[in-house]
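Subject: Structure for your review

Dear colleague,

Please find below the structure that I am handing over to you. My notes on what was found in it follow directly after.

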Amino acid sequence: MTYQLYRNTTLGSTLQESLDELIQYGQITPQLAMKVLLQFDKAVNSALAARVRSRLSFKAGKLHTYRFCDNVWTFMLNDVEFREVQEIAKVSKVKVVACDGKAVVEEASRR
């Protein structure tokens, strides 16, 4: 299983729009577009797991809501402070979605 979280990023949305356009003009089939999106999901998940090494810590003033469904945690936090070495950022609301990325990378490497 590959998580589809990154389809809502600028890159993912642009890819989806481009694929929709190609389908409209009859240049690709919907099945091919789906294969491209699945490959995008796998590539982004494995690239982030393998290449990103920076660390960030955060502290929330209040945990507003939490949920665990289909092996995915979702947290709604209020009054959050993010820290990275010397930099600090404060925001009033944050939604954190956490998935088991190691399982996704292991599955992708088996294919």
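**A nonpolar surface patch**

L63, Y66, F68 and W73 make a nonpolar surface patch of about 450 Å². Such patches are made of residues with over 30% relative accessible area and no salt bridge, where like charges are joined within 9 Å and nonpolar side chains (Val, Leu, Ile, Met, Phe, Trp, Tyr) within 5 Å. Accessible areas come from the Shrake-Rupley method with a 1.4 Å probe, and for residues only the protein chains shown count as cover. Strand β1 (residues 57-69) gives the most to the nonpolar patch, with three residues. W73 has its place in strand β2 (residues 72-84). With a relative accessible area of 36%, W73 is partly exposed; buried means under 20%, exposed over 50%, and partly exposed in between (1.4 Å probe, protein chains only).

**The model and its confidence**

This is a predicted model, in which local features need pLDDT of at least 70 and side-chain atom pairs count only at pLDDT 80 or more, while totals for chains, interfaces and linings use all residues. Residues are numbered from 1 along each chain as its sequence is written, and side-chain values use heavy atoms, with hydrogens and water left out.

The protein chain has an average pLDDT of 87, and 87% of the residues score at least 70; pLDDT is the predictor's confidence in each residue, from 0 to 100. The chain contains three helices and three strands, in the order α-α-β-β-β-α from the N terminus on. Helices (H or I, at least four residues) and strands (E, at least two) are DSSP runs, numbered from the N terminus. Among these elements, helix α1 (residues 10-24) has the highest mean pLDDT (96) and helix α3 (residues 101-110) the lowest (54). Of the 111 residues of the protein chain, 19% count as buried.

**Helix α2**

Helix α2 (residues 30-51) has 22 residues, which at 1.5 Å a residue should span 32 Å; its end C-alpha atoms are 31 Å apart, in agreement with that value. The expected span is 1.5 Å times one less than the number of residues. In α2, the buried residues include A33, L37, F40, D41, V44 and N45. These residues cover an arc of only 115 degrees around the axis, which puts them on the same side of α2; the arc is that of the directions from the helix axis to the C-beta atoms. An α-helix has 3.6 residues a turn, so residues three or four places apart point the same way. Q31, K35 and R51 are exposed on the other side of α2.

**Salt bridges**

Three salt bridges are found in a search of the whole structure, each being a side-chain nitrogen of Lys or Arg within 4 Å of a carboxyl oxygen of Asp or Glu.

D41 and R7 meet through their side chains in a salt bridge (2.5 Å, N to O). This pair links distant parts of the chain, with D41 in helix α2 and R7 in the segment before α1, 34 residues apart. D41 is buried at a relative accessible area of 2%, and R7 is buried at 9%.

E81 forms a salt bridge with R83, their closest N and O atoms being 3.0 Å apart. The side chain of E81 also meets that of K90 in a salt bridge (3.8 Å, N to O). Through shared partners, the salt bridges join E81, R83 and K90 into one network. Within it, E81 is buried, with a relative accessible area of 15%, R83 is partly exposed at 40%, and K90 is exposed at 64%.

Yours sincerely
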